[in-house]
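Have the sequence and the 3D view at hand, and follow my entries as I go.

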Amino acid sequence: MSDISRAEVAVVACAELFRGDGEIVVSPMGFIPSLGARLARLTFEPDILLSDGEAYLMTPHAVVEGWQPFRKVLDTVVPRGKRHVVMGANQIDGEGNQNISAIGDHSRPKKQLLGVRGGPGNTANHRTSYWVPRHSRRVFVEQVDVVSGVGYARAREAGLRHHDVHRVVTNLGVLDFGGEDHAPRLLSVHPGVSVDEVVEATSFPLVTDGVTESRLPTESELLLIRTSLDPKSLRDKEVPS
């Protein structure tokens, strides 16, 4: 199988978010992260439990395989670091703070968004990754307007034991906060993307030592994506090639 699309590379990058997670609940928010989680479950992470984000545990083919009432999630999953959530982000800054609440001054924002929602609880209690379908300086800002998801400096000040901003996957590449003192770092660029392109699209400095190319899907992964997980190619609408 050939002609691998940027969207398919992004799906695999999202699947790689869950490598090594083992038997925990994963909550991917958004279509590409959901495809990635389902692909991981079908291939290298068969023990992860896929959540629909509300009350059910699902198979990769959307068959209900378990029930998790919200009270049970709060009692057994959230406080103990037994979950990996992938959220979106309207803004992310160089300390790993995320904003999905509002753009502009909080007292009188230019644009009202979702509100902080589960951002504080997610980032305080377990591993959190982010998915950004359009990597730009409007998203990767020097300082977020509102802190929804907690970054490393604030987590350190608050003594958050389970805080773990794992990675950020975008349409251009993969980042983390694995530099010195949790400095933002570019891990890989997708095929056809240059390091300079990512740096130019980011408002804060990035550590760029040792950047690799994001891995391509294997033939078996491509077959799953194209014939089983997303036969209508909706992925290409979210991440055009």
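Which residues of helix 7 (residues 219–229) are buried? I looked them up and found Glu221, Leu222, Ile225 and Leu229. By "buried" I mean under 20% relative accessible area, by "exposed" over 50%, and by "partly exposed" in between (1.4 Å probe, protein chains only).

A note on the source: this is a predicted model, in which local features need pLDDT of at least 70, side-chain atom pairs count only at pLDDT 80 or more, and totals for chains, interfaces and linings use all residues. Residues are numbered from 1 along each chain as its sequence is written, and side-chain values use heavy atoms, with hydrogens and water left out. My helices (H or I, at least four residues) and strands (E, at least two) are DSSP runs, numbered from the N terminus.

**Entry: helix 7**

I looked down the axis of helix 7 and saw its buried residues fall within an arc of 120 degrees, so they line one face of the helix. The arc is taken from the directions that lead from the helix axis to the C-beta atoms. An α-helix has 3.6 residues a turn, so residues three or four places apart point the same way. On the other side of helix 7 I found Glu219 and Thr227 exposed. The cover over its buried residues includes helix 1 (6–16), helix 2 (31–42) and helix 8 (235–238).

Next I traced an open sheet of 10 strands in the order 4-3-2-1-5-10-11-12-13-14, with mixed pairing. Two strands pair if DSSP finds at least two bridges between them. Strand 4 (64–67) and strand 14 are the edge strands, each pairing on one side only. Helix 1 packs on the sheet, touching strand 10 (127–132), strand 11 and strand 12. A contact means heavy atoms within 4.5 Å.

I then followed strand 12 (residues 173–176), which runs antiparallel to strand 13 (residues 185–189) and is joined to it by four bridges. Gly173 stands opposite Val189 in strand 13. Strand 13 runs parallel to strand 14 (residues 212–213), with two bridges between them, and Ser188 faces Thr212 in strand 14.

**Entry: Thr170**

Is Thr170 buried or exposed? It is buried, with a relative accessible area of 0%. I located Thr170 in strand 11 (residues 164–170). Not counting residues up to four places away in sequence, Thr170 touches Trp131, Val132, His135, Phe140, Leu175 and His190.

**Entry: the cores**

I call a nonpolar core a set of buried Ala, Val, Leu, Ile, Met, Phe, Trp, Tyr and Cys residues joined through side-chain atoms within 4.5 Å. The largest one has 26 residues, and Phe18, Val26, Ile32, Leu39, Trp131 and Val169 touch the most other members. Helix 1, helix 2 and helix 7 are the elements that give two or more residues to this core. Helix 1 gives the largest share, seven residues. A second, separate core of 21 residues includes Ile92, Val189, Val193 and Leu206.

**Entry: two loop residues**

Asp181 sits in the loop between strand 12 and strand 13. Its phi is near 55 degrees, a positive value in a residue other than glycine. Asp181 counts as exposed, at 60% relative accessibility.

Ser233 lies in the loop between helix 7 and helix 8, and its phi is also near 55 degrees. At 28% relative accessibility, I logged Ser233 as partly exposed.

Note on methods
Axes fitted to C-alpha atoms, helices over the stretch in contact; angles between N-to-C directions.
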